[in-house]
Amino acid sequence: HTRNFKKYALRMLLFAVISEIPFDLMYGGTWFYPVHQNVIWTLLLGLLGIRLMEAVRKKQKLWLYILVCVLTVIAGLAVGTLGMVVFYFFRGRKWWCFLGQLAALYYINVQILGGLMYPITLFGMDLEICQQGLALFALLPIWLYRGRQGYHSKPFQYVCYAFYPVHMLILALILRAL
(Lines give C-alpha, C1' and ligand atoms only; values in the text may rest on other atoms or scores of the structure.)
Protein backbone atom coordinates (compact mmCIF):
# COMPACT_ATOMS: atom_id res chain seq x y z
CA HIS A 1 0.00 0.00 0.00
CA THR A 2 1.52 3.26 -1.12
CA ARG A 3 0.26 6.59 -2.36
CA ASN A 4 2.99 6.93 -4.96
CA PHE A 5 4.29 3.71 -6.50
CA LYS A 6 7.08 5.44 -8.45
CA LYS A 7 8.50 7.15 -5.33
CA TYR A 8 8.26 3.89 -3.39
CA ALA A 9 10.09 1.93 -6.10
CA LEU A 10 12.78 4.62 -6.35
CA ARG A 11 13.19 4.61 -2.56
CA MET A 12 13.64 0.83 -2.66
CA LEU A 13 16.18 1.19 -5.47
CA LEU A 14 18.10 3.80 -3.46
CA PHE A 15 18.20 1.59 -0.36
CA ALA A 16 19.16 -1.46 -2.45
CA VAL A 17 22.17 0.49 -3.80
CA ILE A 18 23.07 1.91 -0.36
CA SER A 19 22.79 -1.54 1.24
CA GLU A 20 24.90 -3.36 -1.31
CA ILE A 21 28.35 -2.34 0.00
CA PRO A 22 27.56 -3.18 3.66
CA PHE A 23 26.03 -6.47 2.47
CA ASP A 24 29.09 -7.29 0.36
CA LEU A 25 31.42 -6.42 3.26
CA MET A 26 29.43 -8.57 5.68
CA TYR A 27 28.75 -11.51 3.38
CA GLY A 28 31.88 -11.63 1.21
CA GLY A 29 34.41 -9.64 3.21
CA THR A 30 35.04 -7.27 0.30
CA TRP A 31 33.53 -4.10 -1.18
CA PHE A 32 32.39 -5.96 -4.28
CA TYR A 33 30.98 -9.47 -3.95
CA PRO A 34 29.03 -10.38 -7.11
CA VAL A 35 27.99 -13.86 -5.93
CA HIS A 36 25.05 -12.63 -3.78
CA GLN A 37 23.10 -9.40 -3.54
CA ASN A 38 21.10 -7.99 -0.68
CA VAL A 39 17.43 -8.85 -0.27
CA ILE A 40 16.15 -5.40 -1.22
CA TRP A 41 16.98 -6.18 -4.86
CA THR A 42 14.74 -9.26 -4.61
CA LEU A 43 11.96 -7.22 -3.02
CA LEU A 44 12.27 -4.57 -5.72
CA LEU A 45 12.15 -7.16 -8.53
CA GLY A 46 9.12 -8.78 -6.93
CA LEU A 47 7.40 -5.41 -6.53
CA LEU A 48 8.01 -4.50 -10.18
CA GLY A 49 6.88 -7.93 -11.34
CA ILE A 50 3.66 -7.76 -9.35
CA ARG A 51 3.02 -4.25 -10.64
CA LEU A 52 3.48 -5.53 -14.19
CA MET A 53 1.14 -8.47 -13.52
CA GLU A 54 -1.49 -6.07 -12.17
CA ALA A 55 -1.24 -3.91 -15.29
CA VAL A 56 -1.58 -6.95 -17.55
CA ARG A 57 -4.47 -8.35 -15.48
CA LYS A 58 -6.43 -5.17 -16.09
CA LYS A 59 -6.11 -5.77 -19.86
CA GLN A 60 -7.90 -9.14 -19.44
CA LYS A 61 -5.58 -11.12 -21.73
CA LEU A 62 -4.77 -14.46 -20.10
CA TRP A 63 -1.84 -15.37 -22.38
CA LEU A 64 -0.15 -12.03 -21.65
CA TYR A 65 -0.76 -12.49 -17.93
CA ILE A 66 0.84 -15.96 -17.95
CA LEU A 67 3.78 -14.67 -19.99
CA VAL A 68 4.40 -11.86 -17.51
CA CYS A 69 4.18 -14.28 -14.56
CA VAL A 70 6.79 -16.54 -16.18
CA LEU A 71 9.04 -13.59 -17.05
CA THR A 72 8.76 -12.26 -13.50
CA VAL A 73 10.01 -15.53 -12.06
CA ILE A 74 12.77 -15.92 -14.66
CA ALA A 75 13.89 -12.29 -14.50
CA GLY A 76 14.10 -12.38 -10.73
CA LEU A 77 16.72 -15.13 -10.77
CA ALA A 78 15.88 -15.38 -7.10
CA VAL A 79 13.68 -17.80 -5.28
CA GLY A 80 12.59 -14.88 -3.10
CA THR A 81 10.90 -13.35 -6.13
CA LEU A 82 9.05 -16.61 -6.65
CA GLY A 83 7.92 -16.43 -3.01
CA MET A 84 6.53 -12.96 -3.60
CA VAL A 85 4.58 -14.23 -6.61
CA VAL A 86 3.15 -16.99 -4.39
CA PHE A 87 1.92 -14.41 -1.87
CA TYR A 88 0.49 -12.35 -4.72
CA PHE A 89 -1.51 -15.25 -6.15
CA PHE A 90 -2.67 -16.55 -2.78
CA ARG A 91 -3.47 -13.20 -1.18
CA GLY A 92 -6.57 -13.04 0.94
CA ARG A 93 -7.73 -14.47 4.23
CA LYS A 94 -9.44 -17.62 2.99
CA TRP A 95 -8.39 -21.11 4.11
CA TRP A 96 -7.41 -22.12 0.56
CA CYS A 97 -5.05 -19.09 0.37
CA PHE A 98 -3.28 -20.33 3.49
CA LEU A 99 -3.03 -23.87 2.08
CA GLY A 100 -1.76 -22.52 -1.24
CA GLN A 101 0.91 -20.47 0.51
CA LEU A 102 1.89 -23.39 2.72
CA ALA A 103 2.17 -25.86 -0.18
CA ALA A 104 4.00 -23.47 -2.51
CA LEU A 105 6.41 -22.26 0.17
CA TYR A 106 7.07 -25.85 1.23
CA TYR A 107 7.94 -26.70 -2.37
CA ILE A 108 10.16 -23.62 -2.77
CA ASN A 109 11.95 -23.88 0.58
CA VAL A 110 12.27 -27.63 1.02
CA GLN A 111 12.23 -29.10 -2.48
CA ILE A 112 14.00 -26.36 -4.44
CA LEU A 113 16.30 -24.79 -1.85
CA GLY A 114 16.79 -27.71 0.50
CA GLY A 115 19.74 -26.78 2.66
CA LEU A 116 21.12 -28.26 5.82
CA MET A 117 19.31 -31.18 7.38
CA TYR A 118 19.12 -31.42 11.16
CA PRO A 119 18.79 -34.92 12.60
CA ILE A 120 16.33 -35.21 15.50
CA THR A 121 14.75 -38.02 17.44
CA LEU A 122 11.04 -37.67 18.10
CA PHE A 123 9.07 -40.37 19.93
CA GLY A 124 11.86 -42.85 19.26
CA MET A 125 11.95 -42.14 15.52
CA ASP A 126 14.97 -40.66 13.79
CA LEU A 127 13.94 -37.77 11.54
CA GLU A 128 15.61 -34.97 9.65
CA ILE A 129 14.35 -31.39 9.56
CA CYS A 130 15.29 -29.20 6.63
CA GLN A 131 16.76 -25.88 7.80
CA GLN A 132 15.10 -23.95 4.97
CA GLY A 133 11.77 -25.59 5.82
CA LEU A 134 11.75 -23.68 9.09
CA ALA A 135 10.83 -20.64 7.00
CA LEU A 136 7.29 -22.03 6.91
CA PHE A 137 6.87 -20.89 10.51
CA ALA A 138 6.93 -17.31 9.17
CA LEU A 139 3.37 -17.93 7.96
CA LEU A 140 2.17 -17.80 11.59
CA PRO A 141 2.90 -14.09 12.24
CA ILE A 142 1.91 -13.26 8.66
CA TRP A 143 -1.51 -14.82 9.16
CA LEU A 144 -1.89 -13.31 12.63
CA TYR A 145 -1.37 -9.82 11.22
CA ARG A 146 -4.72 -8.06 10.84
CA GLY A 147 -3.74 -5.19 8.55
CA ARG A 148 -3.52 -2.43 11.15
CA GLN A 149 -0.56 -0.12 10.78
CA GLY A 150 1.49 0.41 13.90
CA TYR A 151 3.37 3.53 14.93
CA HIS A 152 4.27 5.60 11.89
CA SER A 153 6.19 8.80 11.28
CA LYS A 154 8.67 9.87 8.60
CA PRO A 155 11.69 9.85 10.94
CA PHE A 156 10.76 6.41 12.27
CA GLN A 157 10.25 5.17 8.72
CA TYR A 158 13.76 6.23 7.71
CA VAL A 159 15.27 4.78 10.89
CA CYS A 160 13.69 1.46 9.88
CA TYR A 161 15.06 1.79 6.35
CA ALA A 162 18.51 2.69 7.69
CA PHE A 163 18.60 -0.25 10.10
CA TYR A 164 19.27 -2.78 7.33
CA PRO A 165 22.49 -1.30 5.88
CA VAL A 166 23.73 0.08 9.23
CA HIS A 167 23.45 -3.22 11.09
CA MET A 168 25.24 -5.04 8.25
CA LEU A 169 28.02 -2.46 8.32
CA ILE A 170 28.40 -2.93 12.08
CA LEU A 171 28.52 -6.71 11.67
CA ALA A 172 31.13 -6.38 8.90
CA LEU A 173 33.25 -4.16 11.16
CA ILE A 174 32.97 -6.69 13.99
CA LEU A 175 34.00 -9.51 11.64
CA ARG A 176 37.04 -7.51 10.48
CA ALA A 177 38.04 -6.84 14.09
CA LEU A 178 38.01 -10.55 14.94
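## Fold and helix packing in a predicted model

The protein's secondary structure comes to 7 helices and 2 strands. Helices (H or I, at least four residues) and strands (E, at least two) are DSSP runs, numbered from the N terminus. Along the sequence, the pattern reads α-α-α-α-α-β-β-α-α.

This is a predicted model: local features need pLDDT of at least 70, side-chain atom pairs count only at pLDDT 80 or more, and totals for chains, interfaces and linings use all residues. Residues are numbered from 1 along each chain as its sequence is written, and side-chain values use heavy atoms, with hydrogens and water left out.

**Overall dimensions and contacts**

The C-alpha trace spans about 55 × 55 × 35 Å along its principal axes. The protein has 178 residues, and 30% of them are buried. Buried means under 20% relative accessible area, exposed means over 50%, and partly exposed lies in between (1.4 Å probe, protein chains only). Of the contacts with a separation of 6 or more, 56% join residues 24 or more positions apart. Contact means heavy atoms within 4.5 Å.

**Helix 2 against helix 4**

Helix 2 covers residues 39-58 and helix 4 covers residues 79-89. Their axes come within 9 Å and cross at roughly 40 degrees. Axes are lines fitted to C-alpha atoms, for helices over the stretch in contact, and angles run from 0 to 180 degrees between N-to-C directions. The two helices are therefore oblique to each other. Angles under 35 degrees count as roughly parallel, over 145 as roughly antiparallel, 65 to 115 as roughly perpendicular and the rest as oblique. The crossing is right-handed, meaning that the near helix is turned clockwise from the far one by less than a right angle.

From helix 2, T42, L43, L45, G46, L47, I50, M53, E54 and R57 take part in the contact. They meet G80, T81, M84, V85, Y88 and F89 of helix 4.

L45 sits in helix 2.

**Accessibility and cysteines**

| Residue | Relative accessibility | Class |
|---|---|---|
| L45 | 35% | partly exposed |
| C97 | 1% | buried |
| C130 | 7% | buried |

How many disulfides are counted? The count is 0. The rule asks for a pair of cysteine sulfur atoms within 2.5 Å.
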